[in-house]
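Reader: I would like to go through this model with you and ask, term by term, what each description rests on.

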Amino acid sequence: MEKFVIQGGRPLSGEIEISGAKNAAVAILPATILAKDRFVIENVPDIRDISSMLQILEVMGATVETLGPNKIAIDTRGFVSKTVPYELTRNLRASYYLLGALLGMYSHASVAMPGGCNFGGVRPIDLHLKAFQALGTVITTDGGVIDARAPRLVGASVYFDKVSVGATINLMLAAVKARGLTVIENAAKEPHIVDLANFLNLMGANIKGAGTDEIKIEGVSELHGCDYSIIPDQIEAGTYMVAAAAAGGDLTIKNVIPKHLEPITVKLRECGAGVEEFDDAVRVTASGRLTACNIKTLPHPGFPTDMQPQFTVLLTMCEGVSVVTDSVWDNRFRYVDQLVRMGASISIEGKAAIVTGVDRLKGAPVRADDLRAGAAMIIAGLCAKGTTEIEDIIHIDRGYEDVVRKLRGVGAEISRVDFPSPTAGAVKRA
Ligand code: EPZ
């Protein structure tokens, strides 16, 4: 078992390099199933969700080779399986993309329902299944396994009555080789949707409109391998932006697409932080206490729900009262209990958190309830007076590459510590 130990109160100064986008990579890697060929993929983040996805692909017959830092080759010519058991999907929410990719390739998929971040509530996939059905798929579920099969997938017009990243991606994966035209209405517009569309088009697909709410996919009969570089991680970048605003300092965050960060940039400026944009970097400066502001999460290009816990930490120390509303997920405030233990003043009213700024948080033992809640605990620890210990950091390792090295490089005092070993003394690792 490992935990993070943070001595708070140090400003962050210097440069941080952002890794490839987790939520793009977890869609692009299963998309390689759609061709029997070799792919070279760069800017692949070195995080647990990616190693889980690569492990699944390998067990199913693909060959994965590391070509260099964050660069891999995937060869799917030996890919054999259409079945993914629960032992492989349990740790990875995005394993549901194997349904769309296998269906798209073989018109048959059998995938155990995934695990991953739960936020304490149910995460339905009814929209994914309805979309597959619209393409002519028959779906049965038995013992937590979804079996989806069709004689031949046929393009269709699908209107999502709720914007869903996962359902949009899964339908794209299933439809690229279907017969005829598929039109996705009310599609998600997140940067990773566009990245997946670019990847699939390089493979020979015919996808138009990704990044708007109407995506048109004309099915093609063959796809092939390609070389690709994954976009930078919008949420990792946003997390460090907010960390700099909360802890104070002067932080340049490199390898980003500033346009993707705009909803975060706008809100940080509203709170009084300085944000300067460059071609592929942003610089965040902050000193002293910032001002309260209201946040409402929405699908892209709105404020991302995956930044909600981190931004809430910043607001706990801002002057005044802020209202944080999560309109994407019902149950994403579980982490608030941990912040209250650190001295934050937050009450939950329905889908909103009412945050009254306090002068300073105080270090405490806390846990990472899920990936972004864990990132929020790190930011809280960086700002708090005294020591913060974060347990269950396995969630943070799912989505943040080298977080300790990156933060130490800009002045934070954070270590990864093995435990329990109270008698022998904890073993510190850089
Ligand atoms: C993706 O999850 C991300 N995960 C999540 O990031 C992110 O929070 C979410 O999109 C919203 O931006 C990945 O990309 C792997 P949705 P996803 O389908 O696709 C409801 C992180 O921290 N819904 O867009 O599962 C659902 O309940 C993770 O990196 C249905 O009702 O989210 C939610 O209220 C956590 N039926 C809303 O839609 C469905 O079939 C949006 O969910 C599907 C979703």
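Reader: Which residues in α8 meet which residues in α12?

Author: I235, T239, V242, A243, A246 and A247 in α8 meet R372, A375, I379, L382 and C383 in α12, where contact means heavy atoms within 4.5 Å. By class, this contact of α8 with α12 has nine nonpolar, one polar and one charged residues; Ala, Val, Leu, Ile, Met, Phe, Trp, Tyr, Cys and Pro count as nonpolar, Asp, Glu, Lys and Arg as charged, and the others, Gly among them, as polar. This is a predicted model, in which local features need pLDDT of at least 70 and side-chain atom pairs count only at pLDDT 80 or more, while totals for chains, interfaces and linings use all residues. Residues are numbered from 1 along each chain as its sequence is written, and side-chain values use heavy atoms, with hydrogens and water left out.

Reader: Why are α8 and α12 called roughly parallel to each other?

Author: Helix α8 (residues 234-247) and helix α12 (residues 371-383) pack at an angle of about 25°, with their axes 9 Å apart. Angles under 35 degrees count as roughly parallel, over 145 as roughly antiparallel, 65 to 115 as roughly perpendicular and the rest as oblique, and α8 and α12 are therefore roughly parallel. The crossing in which α8 passes α12 is right-handed.

Reader: What angle do α5 and α6 make, and how far apart are their axes?

Author: Helix α5 (residues 126-134) and helix α6 (residues 165-175) pack at about 25°, and their axes are 8 Å apart. That angle makes α5 roughly parallel to α6, and their crossing is right-handed. In this pair, L127, H128, A131 and F132 of α5 meet G166, A167, N170, L171 and A174 of α6, and the residues of the contact divide into six nonpolar, three polar and no charged.

Reader: What is the span of α2 set against?

Author: Helix α2 (residues 48-59) has twelve residues and reaches 16 Å from its first C-alpha to its last, which is close to the 16 Å expected at 1.5 Å a residue; the expected span is 1.5 Å times one less than the number of residues. Just after α2, G61 takes a positive phi of about 115°.

Reader: Which residues of α2 are buried, and what do they pack against?

Author: The buried residues of α2 are D49, I50, S52, M53, L54, I56 and L57, where buried means under 20% relative accessible area, exposed over 50% and partly exposed in between, with a 1.4 Å probe and protein chains only. They pack against several elements, including α1 (22-31), β4 (63-68) and α4 (97-106).

How values were computed. Axes are lines fitted to C-alpha atoms, for helices over the stretch in contact, and angles run from 0 to 180 degrees between N-to-C directions. Helices (H or I, at least four residues) and strands (E, at least two) are DSSP runs, numbered from the N terminus. A crossing is left-handed if the near helix is turned anticlockwise from the far one by less than a right angle, and right-handed if clockwise.
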